[in-house]
Amino acid sequence: KMFNRKGFTLIELIMVTIILGILAAVAIPRYMTTVTKAHEAAEDAVINSIKAGLETYAVEQLMDNGRKSWPTNPFDALDTKPAGHTTDTDDADVDGEWTYNTTSKKITHQRSDNTRVAWQYDEGTQSGDNAAVGTLGSRASL
């Protein structure tokens, strides 16, 4: 008699499961790194937009008042606010939210994984003989 033995043995199925587990263990950390880099790239685009808006605002102030200066709230320098911008005056606490914390003087953003990042903002001196634009710091975790 001939037996028709089609299919996989238990050992073959276990080996495939082990190989898939190893591949997943390697792929998941790489995926998370890619997601983090994507968040950083998107945030950099928003911050660069804010910097450009602040420079435009400063030039307009120079033409109007004879002095370059930045606004008290950095988002006031933008014609178009970034997606997720709110007028909250505390740290961002909703996924995708961008705020300006008036107490700590920081631009804050909350990512979709609930991590929060911030950039220190100093508008500089707004009037007087020493009027000058301020500074926008680099990304820092909250």
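**Strands and ring pairs**

In the hairpin of β2 and β3, with five residues between the strands, Asn114 takes a positive phi near 70°.

Colleague: Hi! Before we go on, what kind of model is this?
Modeller: This is a predicted model.

Colleague: Thanks. How many bridges join β2 to strand β3?
Modeller: Five bridges join them, and the two run antiparallel. Strand β3 covers residues 116-122. Across from Ala118 in β3 stands Thr108.

Colleague: And which way does β1 run against β2?
Modeller: Those two are antiparallel, with four bridges between them. Asn101 has Lys106 in β2 as its bridge partner. In their hairpin, four residues sit between the strands, and Lys105 there has a positive phi near 60°.

Colleague: Why is β2 largely enclosed by the rest of the structure?
Modeller: Four of its five residues, 106-110, are buried, so the strand is largely enclosed.

Colleague: New topic: how many aromatic pairs are there?
Modeller: The count comes to three aromatic pairs. Take Trp70 and Tyr121: their ring centres are 5.8 Å apart and their planes at 5°, so this pair is stacked.

Colleague: Where do Trp70 and Tyr121 lie?
Modeller: Trp70 is in the loop between α1 (10-65) and β1, while Tyr121 is in strand β3, 51 residues apart. Both Trp70 and Tyr121 are buried.

Colleague: What about Trp98 and Trp119?
Modeller: Their ring centres are 5.5 Å apart with planes at 20°, so they are stacked too. Trp98 lies in strand β1 and Trp119 in strand β3, so the pair ties together parts 21 residues apart in sequence.

Colleague: Are Trp98 and Trp119 buried or exposed?
Modeller: Both Trp98 and Trp119 are buried.

Colleague: Last one: which residues do ring pairs link into a cluster?
Modeller: That cluster is made of Trp70, Tyr100 and Tyr121.

Note on methods
Residues are numbered from 1 along each chain as its sequence is written. This is a predicted model: local features need pLDDT of at least 70, side-chain atom pairs count only at pLDDT 80 or more; totals for chains, interfaces and linings use all residues. Side-chain values use heavy atoms; hydrogens and water are left out. Buried means under 20% relative accessible area, exposed over 50%, partly exposed in between (1.4 Å probe, protein chains only). Two strands pair if DSSP finds at least two bridges between them. Rings of Phe, Tyr and Trp (its six-membered ring) pair if their centres lie within 6.5 Å; planes under 30 degrees apart count as stacked, over 60 as edge-to-face and the rest as tilted.
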